[in-house]
Amino acid sequence: MIFKYLRAFCAGVALCLILNPVWAQPHRTLTVNDFLGTPRPNGRGVIAYTNCTIDFKYQATRNDGYYQLRFNVRMFMNNYKSWIDRSRITSAEQLAEILKHEQGHYTIAYLEQQEVLRAVERTRFTANYNAEAMGIFNRIDAKYKQLNQDYDEDTEHMVNRQQQHSWDIYFAKRLQYMPQENASL
């Protein structure tokens with residue numbers, strides 16, 4: 001059996017069953033060209049929005065009374081749902097700050113992907129593997145959804161530069177000490 005669960009990281013949760021292959025995308029630095037969507041009017045003062053997806057797929061095989069699951073967990077940025085309101089940007093420095101803040105949202109999605117991979121790698125699944133796999137995903141997803149909210153609240157959507165700097169350091173350390181990425185187990 002092959003299962004794929006799709007979760008739009010910044011836009012809410014969408015779970016569905018689809019049969020499609022996935023490929024890995026490593027962590028990278030965002031550029032203004034990654035934001036191809038149309039800015040939302042009256043976005044409560046928000047100048048930019050990053051939309052990432054965690055793609056969670058597995059195949060189960062019965063093996064001596066337990067189930068071996070082979071996972072593909074992919075994170076990618078939805079360029080046409082991500083946007084920057086360029087009409088409100090007044091300088092190259094402001095654009096750089098916006099991109100740095102949006103990089104944080106992208107990094108949170110990447111960290112979630114990597115944690116899901118590490119968690120499923122060390123789990124032994126039973127005949128109840130659907131519930132077990134979704135339990136792992138949902139627990140980690142809730143953690144990173146909260147982290148994403150905390151990030152925006154603490155930084156006041158990048159307005160609080162001191163807090164933004166603290167988060168930038170946090171992200172750099174998390175990425176520095178992250179085990180080597182692996183999008184497929």
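Guide: A residue is buried if its relative accessible area is under 20%, exposed if over 50%, and partly exposed in between, with a 1.4 Å probe and protein chains only. By that rule, 45% of the 185 residues of the protein chain count as buried. The model is predicted: local features need pLDDT of at least 70, side-chain atom pairs count only at pLDDT 80 or more, and totals for chains, interfaces and linings use all residues. Residues are numbered from 1 along each chain as its sequence is written, and side-chain values use heavy atoms, with hydrogens and water left out.

Visitor: What is the mean pLDDT of the protein chain, and where is confidence lowest and highest?

Guide: pLDDT is the predictor's confidence in each residue, from 0 to 100. The chain has a mean of 84, and 82% of its residues reach 70 or more. Strand β1 (residues 2–8) has the lowest confidence, a mean of 36, and α2 the highest, at 97. Over residues 1–24 pLDDT stays under 50. The model has 75 contacts beyond four places in sequence for that stretch, where contact means heavy atoms within 4.5 Å.

Visitor: What makes up the secondary structure of the protein chain?

Guide: There are three helices and five strands, in the order β-β-β-β-β-α-α-α from the N terminus. The names follow DSSP runs numbered from the N terminus: helices are H or I with at least four residues, strands are E with at least two.

Visitor: How do you know that the span of helix α1 agrees with its number of residues?

Guide: The expected span of a helix is 1.5 Å times one less than its number of residues. Helix α1 (residues 92–121) has 30 residues and should span 44 Å; its end C-alpha atoms are 43 Å apart, so the two values agree. For α2, with 27 residues, the expected span is 39 Å, and the distance from first C-alpha to last is close to that, at 39 Å.

Visitor: What makes α1 "mostly covered"?

Guide: Of its 30 residues, 22 are buried. E115 is in helix α1. Its relative accessible area is 13%, so E115 is buried. Leaving aside neighbours within four places in sequence, E115 is in contact with I140, K143, Y144 and R174.

Visitor: Why is the F56 and F71 pair called tilted?

Guide: Rings of Phe, Tyr and Trp (its six-membered ring) pair if their centres lie within 6.5 Å; planes under 30 degrees apart count as stacked, over 60 as edge-to-face, and the rest as tilted. The structure holds 13 such aromatic pairs. F56 and F71 are 5.6 Å apart centre to centre with 45° between the planes, so they are a pair and a tilted one. The pair links distant parts of the chain, 15 residues apart: F56 is in strand β3 (residues 52–63) and F71 in strand β4 (residues 66–77). F56 is buried at a relative accessible area of 0%, and F71 is buried at 1%. Ring pairs also join F56 and F71 into a cluster with Y58, Y67, F125, Y129 and F137.

Visitor: What makes a set of residues a nonpolar core, and which have the most contacts inside the largest one?

Guide: A nonpolar core is a set of buried Ala, Val, Leu, Ile, Met, Phe, Trp, Tyr and Cys residues joined through side-chain atoms within 4.5 Å. The largest has 42 residues, with F56, L69, F71 and F125 having the most contacts inside it. At least two residues come from each of β3, β4, α1, α2 (129–155) and α3 (161–176). The largest share, eleven residues, comes from α1.

Visitor: How do you know that F125 is buried or exposed?

Guide: Its relative accessibility is 2%, so F125 counts as buried, although F125 is found in the loop between α1 and α2. Not counting residues up to four places away in sequence, F125 touches Y66, Y67, L69, F71, V120, E132, A133 and I136.
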